[in-house]
Amino acid sequence: MNNFSIHSNNDIKKTNINLIVSLIPIIIYSLIVFKLDALIIIASGLIPSILADFIIMRKDFKILTNFNLVSSLILVLMIPLSMPFYVVIVLSLVNIILRNILKKYKINIPVTLIIILNTYLIISNKLPVDYNLKNIFNLLIDAKTNIMAFNAPILLIISFIYLTIKNNLKYLIVLSSIIIFALINPTLNIDYLINGSFIFISIYLLSDTMFSSMYRISQIISGILNAIITSILLSFKFQNGILVSTLIISLLAPLIDILYVRLKTLKK
Amino acid sequence: MTINKFEHVYIPILNDDMTVIPKIGDYVYKDSVLAHTKGEEKQYIFSSVSGHIEEIITKPLYIDGIKEKKCIVIANDFKEIALNLKGTNKFIDKIEKEDFIEKIKINFLTDKFNNPIYLNYVNNVDTLVINTCELGNILNNFFLENYLNNILETIDALIEINKIKKCYLIVNKKNKELLNKIEENIGTYLNIKLIKSKKDIANDEAIKLLKIKNNYHFESLNNIYLIYDILKNNNFILEKYIAIINENKVNYVKVKIGSSISEILTLLNINCDNFIVGNLVCGVKTNNKDIIVSQTLDSIIIDKQEIKENECIKCGKCHITCPYNLMPIEFIKYKNNKKMLEKLNISKCTLCGICTYNCPSFIDLNNTLKKIKEENHE
């Protein structure tokens, strides 16, 4: 039983709505460009995940009171466009089931699933012809022609500004990560910045509310660490570098927070 | 709306070491001294009604949480016979500082934490801040809408009497009607600087907004209204306004100090099991209708909706919105580690309620922190 009677309107539901709204321009753009292909992949990802969530949560099911829908949407945006729709359905279902089972463990499931999928595609040489690992943000970027690549960062910057204004983004992680990433090796990293994949992952996965550092300084540390780890992995031509680095930082986030609190209190 | 029909009032003795003057069975007048503090710097508790003293019992009060205090029970004879003759002061800004201090001291005028406010004025305040858009304070709008000129006159008097260098009146600029009214009336009060805030803010946020560091004092509109009555009409604090919020309707009622909440609610035909006393953001939910109206009680909120507390999602909003960059979640984590709590600067936490207000998971941080602070203070 709570004691307060008024509350800011930034509850979990509003946070989810803001995240979805921030993704709308990207989704609309992808629907305009890829038409039915994009619609199929989005529908195959979202409908099963909502149904699965409903079956698992039953009476407690409320579509926007957890992050499952947003997580599915972000996952869908990272699945190669040419993947068969049943692969998308399976991945969405696995995402929802694992998120519910592994609630207590702070594991960023969508990132993990995409790493597994990409690794499988690379190892089995089944990488779709239009799928470029640099362009993880697939619904927006036509890797074959690369014609829309420059639009991705523009749309993402709009999303970044929107989420920051709405106090819905740990913007310090995103900024520190992108700035350091750009500074470390401009010639190597420029591709990832231009096609938007690094920015997309920084905004929607690295700064994920539940899997990132809580405090200002630890957020900056997380961002810097992510930029360094990603750059190192990419310099070794490790194709899943951005995602693996994001997963590492997500797993390290609680530790970074603990260390920061320890360091802060150690001074006194 | 004034409610003063109660057969009994329960005058709270705010300090445990106060000396009670009348005996059981004695007749007291409205404004008779019932108790005073020991020592030379005397502060008094006055009777808000006339009648016979029946007994002294313990009743719950809202003073930064619900606390049990001794109360003098007076059987109200409704004669309202006052002991002291009162006149009015035409120019309250011409009152000498010593007189001013004495008047607010004897009235035991306190802040929301029950600290006597006269001490702030004795210590020569440089900056006076009046936050009319204090987060969760529903009573402020009522005072501004109904007593704006009295409020401005009193603020001006406080500045003149205490030689205050700067005075800020913070107003939420979204409340355009009120802002226009203040702008129309503030013209002659050149010492009062109007600050427009984008939103309702806690006093601790106001410190940040104004970039003030020390020697400042926040005065509530409730206290300013009471100071006006003390200075202008030579009254004692016997009555006060409280806001009663029921199903989004707000009733502003003037009640005697010592009135029982149960009787007020019955008179207003309000049925409820639980209600919140105090501030909208950091009040306390209770089912104890025995609570007595004291100077520090501003509002009663009948909140029938149950807000379910969710798990912490680690968004960090409690830290980012904290005016002092504190880490409320760490306080909870180290609640049994006094040393760690000290290192995390728990003493800086003023329980302003900003973290609770902004928590997307509806975690009742404020009351948890209050308990942690109390436990570690002991």
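The largest nonpolar core in this predicted model is made up of 65 residues. Within that core, the members that touch the most others are L23(A), I74(A), I79(A), F200(A), I203(A), Y204(A) and L243(A). Helix α1 of chain A, spanning residues 12-57, puts in the largest share, with ten residues. Apart from this core lies another one, built from 47 residues, and F142(B), L169(B), L179(B) and I186(B) are among them. As a general point, nonpolar side chains in soluble globular proteins tend to be buried together.

Setting aside neighbours within four places in sequence, Y204(A) is in contact with L19(A), S22(A), L23(A), I26(A), I74(A), L156(A), S159(A) and L163(A). Two of these partners, L23(A) and I74(A), also turn up in the list of core residues that touch the most other members.

Next come the aromatic rings. Over all chains, the structure holds 19 aromatic pairs. Take F85(A) and Y86(A): their ring centres are 6.3 Å apart and their planes sit at 75°, so this pair counts as edge-to-face, given that the cut-off for that label is over 60 degrees. F85(A) has 49% relative accessibility and therefore counts as partly exposed.

K59(B) lies over the face of Y10(B), 4.5 Å from the ring centre.

Finally, the strands of chain B. Strand β14(B), residues 249-256, is joined to strand β13(B), residues 239-246, by eight bridges, and the two run antiparallel. Here K240(B) stands opposite V255(B). Together β13(B) and β14(B) make a hairpin with two residues between them, and E247(B) in the turn shows a positive phi of about 50°. Strand β14(B) also pairs with β1(B), residues 2-3, through two bridges, but this time the strands run parallel. In that pairing, T2(B) stands opposite K254(B). Side chains in a regular strand, as a rule, alternate between the two faces of the sheet.

Technical notes. Residues are numbered from 1 along each chain as its sequence is written. Chains are lettered from A and ligands numbered from 1 in the order in which they are written. This is a predicted model: local features need pLDDT of at least 70, side-chain atom pairs count only at pLDDT 80 or more; totals for chains, interfaces and linings use all residues. Side-chain values use heavy atoms; hydrogens and water are left out. Two strands pair if DSSP finds at least two bridges between them. Helices (H or I, at least four residues) and strands (E, at least two) are DSSP runs, numbered from the N terminus. A nonpolar core is a set of buried Ala, Val, Leu, Ile, Met, Phe, Trp, Tyr and Cys residues joined through side-chain atoms within 4.5 Å. Buried means under 20% relative accessible area, exposed over 50%, partly exposed in between (1.4 Å probe, protein chains only). Contact means heavy atoms within 4.5 Å. Rings of Phe, Tyr and Trp (its six-membered ring) pair if their centres lie within 6.5 Å; planes under 30 degrees apart count as stacked, over 60 as edge-to-face and the rest as tilted. A charge sits over a ring if NZ of Lys or CZ of Arg is within 6 Å of the ring centre and within 35 degrees of the ring normal.
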